[in-house]
Amino acid sequence: RLKEGRALAQDVWSIFNAANLPSDCINLGQGYMNFAPPEWITKAAEEALNKVAPNHYSHPRGRIRLREAIRDFYEPLFGRSLDVESEILVTSGANEGQYSVFVAFLEQGDEVIMFEPFFDQYLPSVTFNGGKPVYVPLHPPAPHIEKPTSDDWTIDIDEVRRAITSRTKMIIINTPHNPVGKVFTRAELEAIAKVAEEFNLLVMSDEVYDCLVFDKKEHVRFATLPGMWDRTVTVGSAGKAFAATGWRVGWLIAPKSIIQPTLAATTRIVFCSNSPLQEAAAAGLEQAKKHSFFETQCAQYEERRAVLIDAFDRLGLKYTLPEGSYFILLDISNLDFPEDYPFPESVLGRGRDFRACWFIAMEVGVSSIPVSEFYCEEHAGIGEVYARFAFCKDVDTLKAAAERLQNLK
Ligand code: GLN
């Protein structure tokens, strides 16, 4: 299965890795923060390390303190009670949780619908498990829109319908969306829900950026739509929530019928997630309210977003204003660079955006991620006109990046 194509191609994160770029390059590529989680959370990690039990295996479902914290945090948001013994599963990052769902549910040839662009891990995670990705476009903003927002990336529900065959098993939703920043509207999700019901689909709702929604936009949890709880697995992430992407602590919330087989898979893949950091994630969820943590964090991200937006406005380049997540897509179709630049092998043979992002990183000193990676090979051309910049960095770093980017003029 892993002999050819995308499966063996070098992933974008290791090409545009700090290790391959000049040491003074400002990293707005892979989405991770240049600041630590708050001290009241890291303190909980230290405390956990100084006890015996959290240095050892946890229950494969996750540590009970974390499962209870997830329950207490999400019950009001889901508007239902959540059972810590059967409806919550702690995973080694959101990624492993999603992978385990595919292991548990996909049979050879099962089709999985995903909106394109899609977070790049979905593709190999589906194919490694014998599934077949089926792409439905998230249509880019119409060219006449002067100042597009992520809301201008649209779906056509008839295209979803037409993508369904007798082999369709699952649909993946990602809201807020990576890399577009789109926060799907209630109407869009309701239309998808209708299709899921009609064709009896399993729904994976990747909501890892649920705490990063801007401009008072409403984040709708797919599992809360009428009739959807029974068929939906919601994916969450401590890394995104608490600025701790290296912890590898995530969670799944779903009915027992989904959690049970997924637990069997995750137990065999990793047995359990990192124990001390589960304690820290629990402390984060338990005390978030007391510290007004998510409200403050959102306001900080709006400020960070404003720095990059201002930089792109000054440059006169078009971009998509994101309503969620921490990514901005910059339109690089009018950006010139010398095609005879000394590009490394890893970016030659890929889309024009790979060369553009490489050039910007080397010459301007700011790294970003080429967006064709979020498209299948056949549709890479659609993504080639964008570079994705992450704004999960402190304001001073973003301001420095903003100044450097002016050299693109
Ligand atoms: N979610 C991160 C991003 O999109 C990357 C995660 C990964 O490296 N696989 O930047």
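Which residues in H11 meet which residues in H14? In this predicted model, Glu-303, Arg-304, Val-307, Leu-308, Asp-310, Ala-311 and Leu-315 in H11 meet Val-395, Leu-398, Lys-399, Ala-402 and Leu-405 in H14. By class, this contact of H11 with H14 has 8 nonpolar and 4 charged residues, and no polar ones.

**Packing of helix pairs**

| Helix pair | Distance between axes | Angle |
|---|---|---|
| H11 (residues 293–315) and H14 (residues 395–405) | within 9 Å | roughly 10° |
| H3 (residues 64–78) and H10 (residues 275–287) | 8 Å | about 25° |
| H4 (residues 93–105) and H9 (residues 256–269) | within 8 Å | roughly 115° |

The axes of H11 and H14 cross at roughly 10°. That angle makes H11 roughly parallel to H14.

Helices H3 and H10 pack at an angle of about 25°. H3 and H10 are therefore roughly parallel to each other. The crossing of this pair, H3 and H10, is left-handed. On the side of H3, the residues in the contact are Arg-65, Leu-66, Ala-69, Ile-70 and Phe-73; they meet Gln-278, Glu-279, Ala-281, Ala-282, Leu-285 and Glu-286 in H10. The residues of this contact of H3 with H10 divide into 7 nonpolar, 1 polar and 3 charged.

For H4 and H9, the axes cross at roughly 115°, and H4 passes H9 in a right-handed crossing. Glu-96, Ser-100, Val-101, Val-103, Ala-104 and Phe-105 in H4 meet residues of H9, namely Pro-261, Thr-262, Ala-264, Ala-265, Thr-266 and Ile-269. The contact of H4 with H9 comprises 8 nonpolar, 3 polar and 1 charged residues.

**Surroundings of the ligand**

Which residues are around the ligand? They are Trp-13, Gln-30, Gly-31, Gln-121 and Asn-178. By class, this shell has 1 nonpolar and 4 polar residues, with no charged residues.

**Backbone features in loops**

The bond from Glu-116 to Pro-117 is cis, with omega near 10°. Pro-117 is located in the loop between strand S3 (111–116) and helix H5 (122–127). The bond from Thr-175 to Pro-176 is also cis, and its omega is near -10°. Pro-176 is located in the loop between strand S5 (168–174) and helix H7 (186–198).

A further backbone feature concerns an alanine. Although Ala-243 is not a glycine, this residue has a positive phi of about 55°. Ala-243 lies in the loop that joins helix H8 (238–241) and strand S8 (250–253).

**The annotated domain**

An unreviewed UniProt entry carries the annotation "domain: Aminotransferase class I/classII large", which covers residues 24–405. In the model, the span of residues 24–405 is 38% helix and 15% strand.

Note on methods: Residues numbered from 1 in each chain as written. Predicted model: local features only at pLDDT ≥ 70, side-chain atom pairs only at ≥ 80, totals over all residues. Axes fitted to C-alpha atoms, helices over the stretch in contact; angles between N-to-C directions. Helix = DSSP H or I, 4+ residues; strand = E, 2+ residues; numbered from the N terminus. Parallel < 35°, antiparallel > 145°, perpendicular 65-115°, else oblique. Left-handed = near helix turned anticlockwise from the far one by under 90°. Contact = placed C-beta atoms within 7 Å. Nonpolar A, V, L, I, M, F, W, Y, C, P; charged D, E, K, R; others polar. Near = placed C-beta within 6 Å. UniProt positions renumbered as here; feature names shortened; annotations may be inferred.
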